[in-house]
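Student: I'd like to learn how to read salt bridges and pockets. Can you take me through them?

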Amino acid sequence: MSDPGSPPPAAEVATACLQPDEADLFIPRSERAFARRAYRTVAPLARSLLKVVAVLAILTLGRSTLADQYHVPTGSMWPTIAPGDRILVDKSAYGLRVPLLDGYVLERSGPRAGDVVLFADPRGGPTLLVKRVIALPGQTVMLRAGVLYVDGAAQPIEQREDGTRVEVLGGVAHAAGEPDLAAFGPVVVPADHLFVMGDNRAASLDSRAMGAVPRELLRGRVLRVVYHHDGAGFDLSRSLLSVD
């Protein structure tokens with residue numbers, strides 16, 4: 001038996017160290033097991049949540065700066081784009097924009113006459129509009145008897161045997177809808193603006209009424225029709241049509 005005043009034997013000290021509940025030096029086994037189970041349960045959920053957040057951020061950034069799809073409800077661009085078409089827009093065609101803002105991070109050249117573009121309504125409305133670029137800054141535009149003149153030069157219109165009409169604009173041919181026989185112009189396109197019109201000019205609200213469009217309002221170039229859906233259902237014949 002040891003002397004009460006002498007140090008405890010080494011065996012007693014070792015026994016105390018092996019009793020964490022009494023020594024209060026370690027977390028009890030039951031709590032460690034619970035923590036491990038909680039970690040195994042929560043960690044995968046947290047990782048999955050982070051992945052979802054990352055994907056949503058990438059998609060949001062991509063839709064703001066790279067490409068997106070839009071539904072076209074009107075016939076102002078018929079027959080190139082029909083009511084019910086869903087179109088794919090290259091939002092980086094003329095520059096990379098700051099997401100949710102109007103400014104460009106990197107501005108590119110263009111657009112060119114003949115491009116079909118998506119732009120914000122210059123009158124301040126919330127709806128994005130789709131039209132064809134007719135003339136660039138400094139050019140003069142007028143209409144006479146359904147014929148478009150740019151800088152005094154008539155843009156040729158060909159009537160084909162099947163009844164379709166084709167207009168050549170900026171050296172590029174595109175399908176033409178119903179002509180507007182009302183006279184318009186001449187007007188000069190201001191600097192940093194674009195004159196736009198619908199291909200179906202008899203039923204198009206465009207720069208003839210709302211004025212030239214500031215370039216900063218461009219949202220991208222229309223590439224193709226993704227698919228068509230209206231009250232009659234899907235029209236697969238219009239799927240993946242290129243927009244020229």
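Student: Which side chain does Glu-158 meet in a salt bridge?

Tutor: A salt bridge here is a side-chain nitrogen of Lys or Arg within 4 Å of a carboxyl oxygen of Asp or Glu. In this structure the partner of Glu-158 is Arg-160, at 3.8 Å, N to O. Before we go on: this is a predicted model, where local features need pLDDT of at least 70 and side-chain atom pairs count only at pLDDT 80 or more, while totals for chains, interfaces and linings use all residues. Residues are numbered from 1 along each chain as its sequence is written, and side-chain values use heavy atoms, with hydrogens and water left out.

Student: How many salt bridges does the structure hold?

Tutor: Eight. One of them joins Asp-199 to Arg-132, at 2.8 Å, N to O. Asp-199 sits in the loop between β14 (193-197) and α4 (207-210) and Arg-132 in strand β6, so the pair ties together parts 67 residues apart in sequence. For those labels, helices (H or I, at least four residues) and strands (E, at least two) are DSSP runs, numbered from the N terminus. Asp-199 counts as buried at 3% relative accessibility, and Arg-132 does too, at 1%.

Student: What does Arg-201 form a salt bridge with?

Tutor: With Glu-167, the closest N and O atoms being 2.7 Å apart. Arg-201 is in the loop between β14 and α4, Glu-167 in strand β11 (residues 165-169), so this pair ties together parts 34 residues apart in sequence. Arg-201 is buried at 7%, and Glu-167 is buried at 1%. There's also a network of salt bridges linking Asp-180, Asp-206 and Arg-208.

Student: Now pockets. What is the volume of the largest pocket?

Tutor: On a 1 Å grid over the protein atoms alone, a pocket is an open set of points where a 1.4 Å probe fits, with protein on both sides within 12 Å along at least five of seven lines; lining residues have an atom within 4 Å of a point. The largest pocket comes to about 300 Å³, counting the space filled by probe spheres set on the points, which are joined across faces, edges and corners.

Student: Which residues lie nearest its centre?

Tutor: Of the 18 lining residues, Pro-73, Thr-74, Leu-128, Leu-129 and Val-130 lie nearest the centre. The largest share of the lining, four residues, comes from β6.

Terms used. Buried means under 20% relative accessible area, exposed over 50%, partly exposed in between (1.4 Å probe, protein chains only).
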